[in-house]
Amino acid sequence: QVQLEESGGGLVQAGGSLRLSCIASGTINIINRMGWYRQAPGKQRDLVAFVTSDGTTNYVNSVKGRFTISRRNVNTVYLQMNSLKLEDTALYHCNYYDDRDYWGQGTQVTVSS
């Protein structure tokens, strides 16, 4: 089992920045993929970005050039979000994957005008 603890969400004005953090604990595989998904009210949960244990990253087009995903070690991942837009408002969930998906409870990001 893997547990995920997220932090760093909040309320920010458009154009501002936030940094999300996620720490995984439990039975961690050194080969894994960690990332962030988001879900806005009434919408499905969508991928924002992920990073593999060898450092390969992937971003949804809408955040390229504004968000940066990074990892400190095999169990900690960050999402630096700059130039935030109203449409980035969502509940952001951390994801850990090795042979199955694990999800965090989510941290709310609200961007105001």
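Let's start at threonine 107, which is found in strand S11 (residues 107-112). Helices (H or I, at least four residues) and strands (E, at least two) are DSSP runs, numbered from the N terminus. Keep in mind that this is a predicted model, in which local features need pLDDT of at least 70, side-chain atom pairs count only at pLDDT 80 or more, and totals for chains, interfaces and linings use all residues. Residues are numbered from 1 along each chain as its sequence is written, and side-chain values use heavy atoms, with hydrogens and water left out.

With 11% relative accessibility, threonine 107 counts as buried. Buried means under 20% relative accessible area, exposed over 50%, and partly exposed in between (1.4 Å probe, protein chains only). Not counting residues up to four places away in sequence, threonine 107 touches Glu6, Ser7, Gly8, Gly9, Leu20, Trp36, Ala90, Leu91 and Tyr92; contact here means heavy atoms within 4.5 Å. One of these neighbours, glycine 9, has its backbone nitrogen 3.1 Å from a polar atom of the threonine 107 side chain.

Now step back to the whole chain. The protein chain has 0 helices and 11 strands, and its elements run β-β-β-β-β-β-β-β-β-β-β from the N terminus on. The radius of gyration is 13 Å, close to the 13 Å that the globule rule gives for 113 residues, so the protein chain is as compact as a globular protein of that length. For reference, that radius is taken over C-alpha atoms, and the globule rule is 2.2 Å times the number of residues to the power 0.38. Along the principal axes, the C-alpha atoms fill a box of roughly 40 × 25 × 20 Å.

What about the inside and the surface? Of the 113 residues in the protein chain, 40% are buried. Among contacts with a separation of 6 or more, 54% come from residues 24 or more positions apart. The protein chain exposes about 6100 Å², and carbon and sulfur atoms supply 47% of that area (Shrake-Rupley method with a 1.4 Å probe; for residues, only the protein chains shown count as cover). There are 11 positive and 9 negative side chains, and the centres of the two sets lie 6 Å apart. In that count, Lys and Arg are positive and Asp and Glu negative, while His and the chain ends are not counted; the place of a charge is NZ of Lys, CZ of Arg, CG of Asp or CD of Glu.

Next, look at asparagine 32, in the loop between strand S3 (18-26) and strand S4 (33-39). Leaving aside neighbours within four places in sequence, asparagine 32 is in contact with Val51, Thr52, Ser53, Arg71, Val74, Tyr96, Tyr97 and Asp98. Arginine 100 is 68 residues away from asparagine 32 along the chain, and their C-alpha atoms are separated by 10.0 Å.

Follow the chain on to glutamine 44, in the loop between S4 and strand S5 (46-52). Glutamine 44 is exposed, with a relative accessible area of 59%. Beyond neighbours within four places in sequence, glutamine 44 is in contact with Arg38 and Gln39. A polar contact of 2.9 Å joins the side chains of glutamine 44 and aspartate 46. Such a contact is a pair of N or O atoms within 3.5 Å; within protein, one must be able to donate a hydrogen and the other to accept it, and residues adjacent in sequence count only if both atoms are side-chain atoms.

In strand S5 you will find alanine 49, which counts as buried at 0% relative accessibility. Leaving aside neighbours within four places in sequence, alanine 49 is in contact with Gly35, Trp36, Asn58, Tyr59, Ile69 and Leu79.

Our last stop is serine 83, in the loop between strand S8 (76-81) and strand S9 (90-97). Serine 83 is partly exposed, with a relative accessible area of 40%. Most residues other than glycine have a negative phi. Serine 83 has a positive phi of about 50° although it is not a glycine.
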